[in-house]
Amino acid sequence: MQINDKGRFAMAEQDDRRAVFRDYVDAVGLHGTAGAEAAGLQASEWYALSRITLAGGLTSGELAAGTGLTTGATTRLIDRLERAGYVRRTADPGDRRKVVVEAVPGALAQVEAAVAPARRRIGEVLAGYSPEQQELLFDYFRRAAPAFREATEEIRSATQERKGSR
C-alpha cells in the first residue's frame with residue numbers, strides 16, 4: 001500500500017492492524033463456540049468449566065462473579081455441568097459451610113479432544129517464534145486476558161444500565 005500522505009498511510013496501517021486484531025479475536029471466539037459444541041456444552045458452560053479447571057475449583061459465588069451470571073443462573077449452570085459429569089461439588093476444607101465446584105479429571109477427555117486441533121495448530125505457530133518472541137507473546141496473553149475480562153465487565157455494566165433505563 002503506497003499512500004503519499006504520511007497521515008493517511010498511518011491511518012491505513014492502523015486500520016489494517018485493527019482488522020488483523022478483529023480477525024484474531026473473532027477466530028478465538030469462534031473456536032470457543034466450536035469447542036463448546038463439540039463437548040456438548042453451551043458457551044457459558046464451556047467458559048465456566050475452563051475457569052473451574054484453571055482455578056482448581058471455585059465456589060459458586062466466585063463462579064457467579066467470574067461469569068457475570070446471577071447466583072440462581074450459576075446454580076443451574078453447575079447443576080448442568082454436574083449432570084454431564086464434568087464437575088462435582090465438594091466441601092471447602094477451610095470452611096465446611098462452603099461448597100467448592102471442581103472439575104472431574106477423567107471427564108475432561110471430551111474437552112481435551114475438542115481443543116486438541118487448536119493446541120496442535122497454535123503450537124505450530126508458536127514454534128515458529130524464537131524463545132524471546134514467545135516470551136513477548138506470553139506476556140501479551142498474561143496482560144490481555146485480564147484486560148478482556150475488565151472490558152467484559154464494562155460491557156455488562158453498560159448493558160445493565162441500558163436495561164435499567166428503559
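User: How many residues does the hairpin use to join β2 to β3?

Analyst: Strands here are DSSP E runs of at least two residues, and helices are H or I runs of at least four, numbered from the N terminus. In this case, the hairpin passes from β2 to β3 through two residues. By the way, this is a predicted model, where local features need pLDDT of at least 70, side-chain atom pairs count only at pLDDT 80 or more, and totals for chains, interfaces and linings use all residues. Numbering starts from 1 along each chain as its sequence is written, and side-chain values use heavy atoms, with hydrogens and water left out.

User: Which way do β2 and β3 run, and how many bridges join them?

Analyst: Strands pair if DSSP finds at least two bridges between them. Here β2 (residues 87-92) and β3 run antiparallel, with six bridges. Valine 87, for one, sits opposite alanine 103 of β3. On β1 (residues 58-59), which is antiparallel to β3 with two bridges, threonine 59 has valine 100 as its bridge partner.

User: What about the largest nonpolar core: how many residues does it have?

Analyst: Nonpolar side chains tend to be buried together in soluble globular proteins. A core is a set of buried Ala, Val, Leu, Ile, Met, Phe, Trp, Tyr and Cys residues joined through side-chain atoms within 4.5 Å; buried means under 20% relative accessible area, exposed over 50%, partly exposed in between (1.4 Å probe, protein chains only). The largest one has 20 residues, and Trp46 and Leu49 are among those with the most contacts inside it. Helix α2 gives the most to this core, four residues.
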